Amino acid sequence: MQLKILGAIAASSRRHPITHEELAESIGCCAKTVDRAIARLRNAGLVEVRNTRRADGGRDANAYVLSSARAAKPGRAR
């Protein structure tokens, strides 16, 4: 499941950061599964969370992107 989520994040990163709800819907799983996978991917340094804001300044959904630090060091394994 983590690989599916990582793949969905990678595919969407080219267009826009993907939200938690979009991830669950795109791979057909529940929100709790996404929560657990995102936690593992963040701990591994593969995914970053971007806090987004609405036009009125209010907080919107978190969005997920591939880690820029990980992309800068492709040979580094964990």
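This is a predicted model: local features need pLDDT of at least 70, side-chain atom pairs count only at pLDDT 80 or more; totals for chains, interfaces and linings use all residues.
Two strands pair if DSSP finds at least two bridges between them.

Start with strand β1, residues 18-19. Two bridges join β1 to strand β3, residues 63-66. The two strands run antiparallel. Within this pairing, I18 stands opposite Y64 in β3.

Strand β3 also pairs with strand β2, residues 47-50. Here four bridges link the strands, and again the direction is antiparallel. V47 in this pairing faces L66, a residue of β3. So β3 has bridges to β1 and to β2, by the rule of at least two bridges for a pair.

Next, the charged side chains. The count of salt bridges comes to one. R50 and E48 form it, and their closest N and O atoms are 3.3 Å apart. That counts because the cut-off for such a nitrogen and oxygen is within 4 Å. How accessible are the two partners? R50 is partly exposed, at a relative accessible area of 38%. E48 is partly exposed too, with a value of 22%.

Now turn to the helices. Helix α1 covers residues 2-13, and helix α3 covers residues 31-43. Their axes come within 10 Å and cross at roughly 80°. That makes α1 roughly perpendicular to α3, because angles of 65 to 115 degrees count as such.

Which residues make the contact? From α1 come Q2, I5, L6 and I9. They meet T33, V34, A37, I38, R40 and L41 in α3. By class, the contact has seven nonpolar residues, two polar and one charged.

One more residue of helix α1 deserves a look: S12. Is S12 buried or exposed? Its relative accessible area is 2%, so S12 is buried. Which residues does S12 touch, leaving aside those up to four places away in sequence? They are P17 and I18.

Definitions and conventions
Residues are numbered from 1 along each chain as its sequence is written. Side-chain values use heavy atoms; hydrogens and water are left out. Axes are lines fitted to C-alpha atoms, for helices over the stretch in contact, and angles run from 0 to 180 degrees between N-to-C directions. Angles under 35 degrees count as roughly parallel, over 145 as roughly antiparallel, 65 to 115 as roughly perpendicular and the rest as oblique. Contact means heavy atoms within 4.5 Å. Ala, Val, Leu, Ile, Met, Phe, Trp, Tyr, Cys and Pro count as nonpolar, Asp, Glu, Lys and Arg as charged, and the others, Gly among them, as polar. Buried means under 20% relative accessible area, exposed over 50%, partly exposed in between (1.4 Å probe, protein chains only).
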